[in-house]
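Hi everyone, thanks for coming along.

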Amino acid sequence: MKKHNFNPGPAVLPLPVLQEASQAILDYNRTGLSILEISHRGSDFVAIIDEAISLTRELLGLSDDYHVLFTTGGASTQFFMLAQNLLNEGDSAAYADTGTWANKAIKEAKAYGSIKVMNSSKDKNYSFIPKDFSGIPAEAKFLHVTSNNTIYGTQIHQWPEVNIPIVCDMSSDIFSRPIPVEKFGLIYAGAQKNLGPAGVTMVLLRKDMVRTDLTHHMPPMLDYKTYIAENSLYNTPPVFPIYVCMLTLRWLKQLGGLKAMEVINQAKGKLLYDEIDANPFFKGTVAVEDRSLMNVCFVCDNETLENEFAIDAKNAGCINLKGHRSVGGFRASIYNALPIESVQVLVDTMKEFARKKG
């Protein structure tokens, strides 16, 4: 039976990417060496990372005003790393609290500066995206937001209008749609949702955000200037994850870029949300205007129904649908590489469940 993988991360990867990467594990580009064995300072890998950077610039419309960096440690490392790099002693920043990961970022940043939590939807179990940013302190160096909240199924669809740079955790929706790049001073994203396998993190850093006046010690591996100076090759980087990221970026370009990807994602989201809204046995958990096109959260009226549907979904090949413990129910992660055919199987299973119970 074909499996339809709705895992929130590590997530499904495009089949053509998996096929090419699997061949490269045995013999990369007819070199007689595995991609796992080549030198990160050799011409073969330098060409890979250079192409990944070039494709990133092309797909996002990044100008030369931005650095494209590859780091490790996931977004969780960036929570403190960005604060270390962007805040000096006495500096302040504004943060929006829209979910678990935003809250973790706030806690880490407080060790490096004065953090103003602008707004929070925590009292409503993060079921909506707060939109009032009128109280940002004049001295704030940046506003930090999380573009998509994987646990709760909310997503920013209208970017804040502010007069300071936006720093954004885009781990779960980067490359899923076009973005107004000029609004952002820094974007970071763990690869394991839309970009590649776990193990590498992308950082897009505007050049005017680089601090040369930091008074605290910066370990080289946590200093953005190290990655800038060494083209992310200061030490041995995660070679294979970066290679798979490059292949995924190629795949995105071949599809037609981010505008084409956005159309596909909107179609997948509409298909599933329409069924949730029409089916009497399911209901969504977040404000309609803030619904995520990456992580669709929904519940049944009671635990018995949820257990029964979970069995039906598994029997249909739909796996990894269990919702996070803080929300319950189901979470269908429909990232870029998940085909609409998989969403249709889930929708058909929901329809059949309603028919049986009705």
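Asn320 is partly exposed, because its relative accessible area is 38%, where buried means under 20%, exposed over 50% and partly exposed in between, with a 1.4 Å probe and protein chains only. Asn320 sits in the loop between strand E13 (318-319) and strand E14 (330-333); helices (H or I, at least four residues) and strands (E, at least two) are DSSP runs, numbered from the N terminus. Its phi is positive, about 60°, although Asn320 is not a glycine.

A quick word on the ground rules. This is a predicted model, so local features need pLDDT of at least 70 and side-chain atom pairs count only at pLDDT 80 or more, while totals for chains, interfaces and linings use all residues. Residues are numbered from 1 along each chain as its sequence is written, and side-chain values use heavy atoms, with hydrogens and water left out.

Now, back to backbone angles. Phe175 is another residue other than glycine with a positive phi, near 65°. Phe175 belongs to the loop between E8 and E9, and it counts as buried because its relative accessible area is 1%.

Let's go to the start of the chain. The peptide bond from Gly9 to Pro10 is cis, with omega near -5°, and Pro10 lies in the loop between E1 and H1. In the loop between strand E1 (4-5) and H1 you will also find Phe6, which is buried at 0% relative accessibility.

Next, the aromatics. The whole structure has 13 aromatic pairs; rings of Phe, Tyr and Trp (its six-membered ring) pair if their centres lie within 6.5 Å, with planes under 30 degrees apart counted as stacked, over 60 as edge-to-face and the rest as tilted. One of them joins Phe79 and Tyr188 edge-to-face, at 6.3 Å centre to centre and 80° between the planes. That pair links distant parts of the chain, with Phe79 in helix H3 (residues 74-86) and Tyr188 in strand E9 (residues 184-190), 109 residues apart. Phe79 is buried at 3% relative accessibility, and Tyr188 is buried at 0%.

There is also an aromatic cluster, made of Phe281, Phe282, Phe298, Phe309, Phe330 and Phe353. Please keep Phe309 in mind for the helix that comes next.

Which residues of H8 are buried? They are Leu305, Glu306, Phe309, Asp312 and Ala313. These cover an arc of only 125° around the axis, so they lie on the same side of H8, the arc being that of the directions from the helix axis to the C-beta atoms. The face turned away from that buried side carries the exposed residues Glu303, Thr304, Ile311, Lys314 and Asn315. As a reminder, an α-helix has 3.6 residues a turn, so residues three or four places apart point the same way.

On to charges. The structure holds 16 salt bridges, each being a side-chain nitrogen of Lys or Arg within 4 Å of a carboxyl oxygen of Asp or Glu. In one of them, Lys351 meets Glu275, with the closest N and O atoms 2.9 Å apart. The two partners come from distant parts of the chain: Lys351 is in helix H9 (residues 340-357) and Glu275 in helix H7 (residues 258-278), 76 residues apart. Lys351 is partly exposed at 44% relative accessibility, whereas Glu275 is buried at 7%.

Another salt bridge joins the side chains of Arg355 and Glu352 (2.6 Å, N to O). These two are about one helical turn apart, because they are three residues apart in helix H9. Arg355 is exposed, with a relative accessible area of 58%, and Glu352 is partly exposed at 34%. Finally, a network of salt bridges links Glu20, Glu51 and Arg250.

That's my tour, and I'm happy to take questions!
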